[in-house]
Amino acid sequence: MNDFYFILVIAAALLSLWAQFKVKSTFAKYSRVPCEKGVSGAQAAQALMRSSGIFDVAIQRVGGSLTDNYNPSNKTLNLSEPVFSRTSIAAVGVAAHETGHAVQHKIGYGPLVLRSTLVPVANIGSNAGPLLAVLGFFAGIPAITELGILLFAGAVLFYLVTLPVEFDASFRALKLLKSTGTLTDSELRGVREVLTAAAMTYVASALTAIAQLLRLMAMRDRRRR
């Protein structure tokens, strides 16, 4: 178990570092490449949502870089400055990905619905779970340890459910960009590269969470022996 945990932790850490570097470098690379039609990220998102029959989602500008997201609770598509007003392949690709989430919400895509339901559990579990598990371990109270592990398992489930949600949103983005003729085939290859790099950050997060859950479970099992 210790060897397996060590290998998993190292793999997750290396993947996380590589994914962070890859997504930033790939986004920067295609941020310097303007799309032929000269549409901004916000314009592309608006057009793609219209083509998908979505007319009740507001597009907003938010601060930061790569802070783009779709909020299903208030139906807002939030685009960072490097995406909102710029006309690069990277900007259009990221905006299209977030539009993919809006489409998921419109059709009631199962994993997105489940992920939204798990948000409170994930917030509590990721913060309180490990703390309770360690507290129960050192206090010699198995029930508290089990509660902490259970809470953190809910957070791990959130990370796992996030994977199909993100991959599906990217698939929908590419499909929409192609069907509407927003980007050319060569430009779509750049978008695919950007979105694939971004997806790896979610894979790394899921692996890291799994590794931590396994560590908490191993700690509990040592106490039992």
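Q: Where is Lys75 in this structure?
A: Lys75 sits in the loop between β2 and β3. This is a predicted model.

Q: How do β2 and β3 run, parallel or antiparallel?
A: Antiparallel, with 3 bridges joining them.

Q: How many residues of β3 are buried?
A: 5 of the 5, covering residues 76-80, so β3 is largely enclosed by the rest of the structure.

Q: Which residues are on which side of it?
A: Thr76, Asn78 and Ser80 are on one side, with Leu77 and Leu79 on the other. Both faces of β3 are covered. In a regular strand the side chains alternate between the two faces of the sheet.

Q: Back to phi. What is the value at Leu66?
A: Leu66 has a positive phi of about 60°, although it is not a glycine. Leu66 is in the loop between β1 and β2. With a relative accessible area of 36%, Leu66 is partly exposed.

Q: Zooming out, how many helices and strands are there?
A: The protein chain has 7 helices and 3 strands. From the N terminus the order is α-α-β-β-β-α-α-α-α-α.

Q: What does the C-alpha trace span?
A: About 65 × 35 × 25 Å along its principal axes.

Q: How much of the chain is buried?
A: 43% of the 225 residues count as buried. The accessible surface of the chain comes to about 11300 Å², and 64% of that belongs to carbon and sulfur atoms.

Q: What share of the contacts links residues 24 or more positions apart?
A: 72%, taken over the contacts in the chain with a separation of 6 or more.

Q: Which residues lie nearest the pocket centre?
A: Asp68, Asn69, Glu98, Glu166 and Tyr202, out of 31 lining residues.

Q: How does the lining divide by residue type?
A: The lining of the largest pocket has 15 nonpolar, 11 polar and 5 charged residues.

Q: Switching to Cys35. Where does it lie?
A: In the loop between α1 and α2. Cys35 is buried, because its relative accessible area is 5%, and the buried class is under 20%.

Q: What is Cys35 in contact with?
A: Leaving aside neighbours within four places in sequence, Cys35 is in contact with Thr87, Ser88, Ile89, Val92, Leu183 and Glu187. The C-alpha atoms of Cys35 and Thr182 are separated by 8.9 Å, and these two residues are 147 apart along the chain.

Q: And Thr145, buried or exposed?
A: Buried, at 4% relative accessibility. Thr145 is in helix α6. Beyond its neighbours within four places in sequence, Thr145 is in contact with Leu132, Ala133, Gly136, Phe137 and Arg220.

Q: Last one, what does Ile124 touch?
A: Gly129 and Leu151, not counting residues up to four places away in sequence. Ile124 is in helix α5. Its C-alpha atom is separated by 8.0 Å from that of Ala155, a residue 31 places apart from Ile124 along the chain.

Notes:
Residues are numbered from 1 along each chain as its sequence is written. This is a predicted model: local features need pLDDT of at least 70, side-chain atom pairs count only at pLDDT 80 or more; totals for chains, interfaces and linings use all residues. Side-chain values use heavy atoms; hydrogens and water are left out. On a 1 Å grid over the protein atoms alone, a cavity is a set of points where a 1.4 Å probe fits but cannot get out, and a pocket is an open set with protein on both sides within 12 Å along at least five of seven lines; lining residues have an atom within 4 Å of a point. Ala, Val, Leu, Ile, Met, Phe, Trp, Tyr, Cys and Pro count as nonpolar, Asp, Glu, Lys and Arg as charged, and the others, Gly among them, as polar. Buried means under 20% relative accessible area, exposed over 50%, partly exposed in between (1.4 Å probe, protein chains only). Helices (H or I, at least four residues) and strands (E, at least two) are DSSP runs, numbered from the N terminus. Two strands pair if DSSP finds at least two bridges between them. Contact means heavy atoms within 4.5 Å. Accessible areas come from the Shrake-Rupley method with a 1.4 Å probe; for residues, only the protein chains shown count as cover.
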